[in-house]
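Subject: Structure handover

Hi,

Here is the structure I promised to pass on to you.

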Amino acid sequence: MKYLIRLGLLLLVVVLVYNYFFGDAQEKAQSKEIFHQVGQLGKASWALLKSEKSKLDDGKYDSTLDKIDNIYQGLRSHARSENDVESLQRLTELERERQALEQRMNEIDAEKARQAGSNRPLGSANQLLQEEKDLKIDLRRLLSDTETLMKQMDQQ
């Protein structure tokens, strides 16, 4: 099925390119409009990704770890039903990473609460900001690893 979809998309691109260069005036105009719209979609998608990255940096996804846990539960039941030992092992590794990230997030939140009521030294605040930045990087990596596993399980 995926092969047919890819083949159909490839055929569509070939027809659009052919019409753009060798079609009549109407076909050229239509192809030009489609390419323009695809370009606009690409720009809008890029803006969306930048916006989501900003939201991640602002803490929008603090509940992400709980959502990831729910995803892991679904993947685990699917892997068990398929007797996919390799995916179950990878899920166990990812779950350990998720738990470690959750613990780090709780420690950072606790430290922020302690520092909120005290005169905190600048170095301590900078260190906390760096820890938050590192945590977000690790969270993005965990999400990427989870997505990779989902794709691998989907292909099997």
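R104 and D138 form a salt bridge, with their closest N and O atoms 2.6 Å apart. By salt bridge I mean a side-chain nitrogen of Lys or Arg within 4 Å of a carboxyl oxygen of Asp or Glu. R104 lies in helix α4 and D138 in helix α5, so this pair ties together parts that are 34 residues apart in sequence. R104 counts as partly exposed, at 28% relative accessibility. For these labels, buried is under 20% relative accessible area, exposed is over 50%, and partly exposed is in between, with a 1.4 Å probe and protein chains only.

Before going further, a word on the basis of all this: the model is predicted, so local features need pLDDT of at least 70 and side-chain atom pairs count only at pLDDT 80 or more, while totals for chains, interfaces and linings use all residues. Residues are numbered from 1 along each chain as its sequence is written, and side-chain values use heavy atoms, with hydrogens and water left out.

As for the overall build, the chain has five helices and zero strands, and from the N terminus on its elements run α-α-α-α-α. Helices (H or I, at least four residues) and strands (E, at least two) are DSSP runs, numbered from the N terminus. Of the 156 residues of the chain, 22% count as buried.

Back to the charged pairs. The count comes to 10 salt bridges. One of them joins R141 and E97, at 3.0 Å from N to O. R141 sits in helix α5 (residues 122-155) and E97 in helix α4 (residues 85-116), so the pair ties together parts that are 44 residues apart in sequence. R141 is partly exposed at 38% relative accessibility, and E97 is partly exposed too, with a relative accessible area of 24%.

R141 also forms a salt bridge with D145, where the closest N and O atoms are 3.3 Å apart. Both R141 and D145 lie in helix α5, four residues apart, which is about one turn of the helix. An α-helix has 3.6 residues a turn, so residues three or four places apart point the same way. D145 counts as partly exposed, at 21% relative accessibility. Which residues make up the network of salt bridges that includes R141? R90, E93, E97, R141 and D145 are linked in it.

Now to the aromatic side chains, where the structure holds two pairs. Y18 and F22 form a tilted pair, 5.4 Å centre to centre with 40 degrees between the planes. Rings of Phe, Tyr and Trp (its six-membered ring) pair if their centres lie within 6.5 Å; planes under 30 degrees apart count as stacked, over 60 as edge-to-face and the rest as tilted. Y18 and F22 are both in helix α1 (residues 2-22), four residues apart, about one turn of the helix. F22 is exposed, at 61% relative accessibility. The rings of Y20 and F21 have centres 5.1 Å apart and planes at 85 degrees, so that pair is edge-to-face. Y20 is partly exposed, with a relative accessible area of 32%, whereas F21 counts as exposed at 53%.

Helix α1 gives the most to the nonpolar patch, with six residues. V13, in helix α1, is partly exposed with a relative accessible area of 45%.

Last, do have a look at helix α3. Which of its residues are buried? They are T64, L65, I68, D69, Y72, L75, R76 and A79. Seen down the axis of α3, the buried residues fall within an arc of 135 degrees (taken over the directions from the helix axis to the C-beta atoms), so they line one face of the helix. The face turned away from that buried side carries the exposed residues K67 and S81. Just after α3, N83 takes a positive phi of about 55 degrees.

Best wishes
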